[in-house]
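Open the model in your viewer and get ready to select residues.

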Amino acid sequence: MTSAAPDARALTQTLARYRAPNPMRSIVELIITAGPLIVLWFLMWATLDLGYWLCLLLAVPAAGFLVRLFMIQHDCGHGAFFHRRGTNDWVGRVIGVLTLTPYDFWRRTHAVHHSTSGNLDRRGMGDIDTLTVQEYLARSPLGRLRYRVYRHPMVMFGVGPAYLFIVQHRLPVGLMRNGWQPWLSTMATNLAIAAIVATMVWLIGIGPFLLVHLPIMLLAASVGVWLFYVQHQFENTVWAHDEAWNLQEVALHGSSHYALPGLLRWFTANIGVHHIHHLCSRIPCYRLPAVLRDHPNLEGIGRLTLLQSFRCVRLVLWDEHQHRLVSFREVRRNYRSA
């Protein structure tokens with residue numbers, strides 16, 4: 001791993017020239033994301049009497065715009081969307097109310113994710129729980145069952161995202177003993193969410209509000225977790241213990257290049273160019289394609305197509321001998337043969 005680290009480190013310096021955001025471009029990106037989301041939300045409400053199927057149909061693009069809004073919040077958390085930190089923070093806080101994500105708390109946990117990604121000795125915050133094969137086999141039958149349930153697609157991409165955004169984000173889980181700041185961020189976001197929900201319920205009623213907003217939120221949450229999953233949970237990702245772990249190397253080779261079709265790439269704000277994002281997180285989302293255009297040798301690193309990404313769901317355990325993620329079936333087959 002260390003032999004490739006100097007190249008990744010040198011590339012970090014090369015990518016620094018892409019970091020400067022364009023304030024006007026950032027404002028336009030914000031408008032063309034938030035504006036259609038608001039229009040679609042009220043259009044869904046207006047069509048409730050015409051048939052709920054139409055409302056659900058409109059929920060799909062609405063969820064796409066909400067995902068894109070979260071990606072802008074994500075850029076703000078890295079200080080990448082605007083020049084001034086204060087502008088990034090306040091835009092991120094406002095968006096956090098709409099995405100049900102307390103911005104300052106999430107920014108801190110996400111920073112931990114960036115600084116520890118792929119480190120087997122520093123798992124537990126901002127990551128999807130990943131066991132090694134040895135850790136899984138050492139667990140009791142009940143412990144293995146709990147991990148298998150956690151990793152089941154219905155939990156990982158269905159129940160899990162709903163719980164994460166609707167329930168878990170209401171408390172600063174992971175930073176509850178880290179002073180008052182995580183609590184302030186979380187509780188302020190909760191109060192703002194409560195005020196907006198109360199206003200909307202007063203205006204249109206609780207039934208119509210839930211019928212419109214729940215499908216958008218649940219679909220966007222599942223898509224968001226899916227994106228985070230495939231950006232790090234692919235077969236040839238990189239995990240290592242402290243002594244062999246290298247920040248730049250893991251950033252470049254432990255994060256995927258999720259090569260989505262053009263429309264999906266736009267709705268996800270180029271977050272699929274994740275290997276470059278982890279290597280230089282201050283690059284605004286709208287400048288990531290320019291990096292691939294100017295450095296075509298980076299196109300193939302960790303590349304996953306949409307079809308290939310579906311196969312990543314079965315990869316659930318890190319095999320320290322093969323240096324890749326493996327499935328329960330592979331472990332069971334190898335365990336029986338052994």
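Which element gives the largest share of the lining of the second largest pocket? Select α10 (206-230): six residues of that lining come from α10. Helices are DSSP runs of H or I with at least four residues, strands are runs of E with at least two, and both are numbered from the N terminus.

Some ground rules. This is a predicted model, where local features need pLDDT of at least 70, side-chain atom pairs count only at pLDDT 80 or more, and totals for chains, interfaces and linings use all residues. Residues are numbered from 1 along each chain as its sequence is written, and side-chain values use heavy atoms, with hydrogens and water left out.

**Stop 1: the second largest pocket**

Stay here. A pocket is an open set of points on a 1 Å grid over the protein atoms alone, with protein on both sides within 12 Å along at least five of seven lines; a cavity is a set of points where a 1.4 Å probe fits but cannot get out; lining residues have an atom within 4 Å of a point. The volume of this pocket is about 600 Å³, meaning the space filled by probe spheres set on the points, which are joined across faces, edges and corners. Now select W41, L98, I196, F209 and H213: of the 22 lining residues, these lie nearest the centre. Colour the lining by class: 20 residues are nonpolar, one is polar and one is charged. Nonpolar here covers Ala, Val, Leu, Ile, Met, Phe, Trp, Tyr, Cys and Pro; charged covers Asp, Glu, Lys and Arg; the others, Gly among them, are polar.

**Stop 2: the largest pocket**

Move on to G126, D127, L164, Q168 and H169. They lie nearest the centre of the largest pocket, which has 41 lining residues. Its volume is about 1100 Å³. Show α8 (153-167); α8 gives eight residues, the largest share of this lining. By class, count 25 nonpolar, 14 polar and two charged residues.

**Stop 3: the largest cavity**

The whole structure has three cavities of 30 Å³ or more. The largest holds about 100 Å³. Select its lining, including H113, D127, F228, H232 and W239. That lining has four nonpolar, seven polar and one charged residue.

**Stop 4: the second largest cavity**

Finish with M71, H74, D75 and I271, which are among the lining residues here. The volume is about 40 Å³. Helix α3 (residues 52-77) supplies three residues, the largest share. Six of the lining residues are nonpolar, two polar and one charged.
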